[in-house]
Amino acid sequence: RPTNSPTFPPPTSANNILRPAQPASPTYSPGDLSVEYDGLLLSTGLVATLVAEVDSLVPYANGAESVLDFEQDPKGGATFPLPNGGWIYVIDFARGNDRGGVGALTFNADGRVTDYRMLLEDTNDNRHGAPTPWGTYLSVENIEDDGSIYEVDPTGVIRAERTLLGSAASRSAWTGVAVDNRRSNSPVFFVSSN
């Protein structure tokens with residue numbers, strides 16, 4: 001079950017002090033949109049790779065395909081690192097009629113898709129979620145009479161559940177959630193509505 005508060009890494013010993021990374025030279029120029037790549041305008045130094053298409057099975061690195069079609073109308077998402085150097089990209093979907101939810105594309109360390117699955121189903125209009133400091137994802141339900149906010153485990157091991165954020169006392173058609181984690185021992189959560 002997702003935790004109600006963040007968990008903290010163990011203190012570092014004198015022999016295991018984390019040193020700041022050296023600043024890297026920029027490899028691209030944000031916002032210049034001067035390169036056309038496969039029909040997209042990108043900033044210099046960036047490339048794009050098509051990994052999934054709406055209403056189509058997702059191709060995997062091993063040549064297999066997903067069981068599910070990639071959903072329509074993605075509305076937001078976040079990435080979560082994996083210990084093997086890969087990552088999970090969590091995506092909100094807003095299709096209405098109990099066809100919304102949260103999906104996840106899993107990538108290996110080479111940036112190739114290895115899995116696609118749904119982490120939350122049977123909602124309507126999920127959008128503009130945010131990662132929590134403790135590694136889960138908050139997904140916002142944008143329905144006037146059921147503006148729930150769900151906490152989702154990116155790995156899918158723990159079942160998604162409604163949070164106390166956006167509780168029945170203040171339920172509304174939420175359009176987004178954000179987390180201010182500058183004070184890691186007491187993060188502040190914000191929800192927005194139309």
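The model is predicted: local features need pLDDT of at least 70, side-chain atom pairs count only at pLDDT 80 or more, and totals for chains, interfaces and linings use all residues. Residues are numbered from 1 along each chain as its sequence is written, and side-chain values use heavy atoms, with hydrogens and water left out.

**The sheet**

Strands here are DSSP runs of E with at least two residues, numbered from the N terminus. Two strands pair if DSSP finds at least two bridges between them. Four strands build an open sheet, in the order E9-E10-E11-E12, with antiparallel pairing. Its edges are E9 (126-131) and E12 (161-162), each of which pairs on one side only.

E9 and E10 (residues 137-141) share four bridges in the antiparallel sense. Arg 127 has Val 140 in E10 as its bridge partner. Pro 131 stands opposite Tyr 137 in E10. Five residues lie between the two strands of this hairpin, where Gly 135 takes a positive phi near 90°.

**The cores**

A nonpolar core is a set of buried Ala, Val, Leu, Ile, Met, Phe, Trp, Tyr and Cys residues joined through side-chain atoms within 4.5 Å. Buried means under 20% relative accessible area, exposed over 50%, and partly exposed in between (1.4 Å probe, protein chains only).

The largest nonpolar core has 12 residues, including Phe 80, Ile 88, Val 102, Tyr 137 and Tyr 150. Strands E5 (74-81), E6 (87-93), E7 (100-107), E8 (113-123) and E11 (149-152) each supply at least two residues of this core. A second, separate core has 11 residues, among them Ala 52, Tyr 60, Tyr 116 and Met 118.

What does Ile 88 touch, not counting residues up to four places away in sequence? Its contacts (heavy atoms within 4.5 Å) include Ala 78, Phe 80, Ala 104 and Pro 154.

**Aromatic pairs**

Rings of Phe, Tyr and Trp (its six-membered ring) pair if their centres lie within 6.5 Å; planes under 30 degrees apart count as stacked, over 60 as edge-to-face and the rest as tilted. The whole structure holds five such pairs. Two of them are set out here.

| Pair | Type | Centre to centre | Between the planes |
|---|---|---|---|
| Phe 70 and Phe 93 | edge-to-face | 5.5 Å | 85° |
| Trp 87 and Phe 107 | stacked | 5.0 Å | 15° |

Phe 70 sits in the loop between E4 (65-69) and E5, and Phe 93 is in E6, 23 residues apart. Both are buried. With Tyr 116 they form one aromatic cluster.

Trp 87 in E6 and Phe 107 in E7 are 20 residues apart. Trp 87 is partly exposed, because its relative accessible area is 28%. Phe 107 has 7% relative accessibility, so Phe 107 counts as buried.
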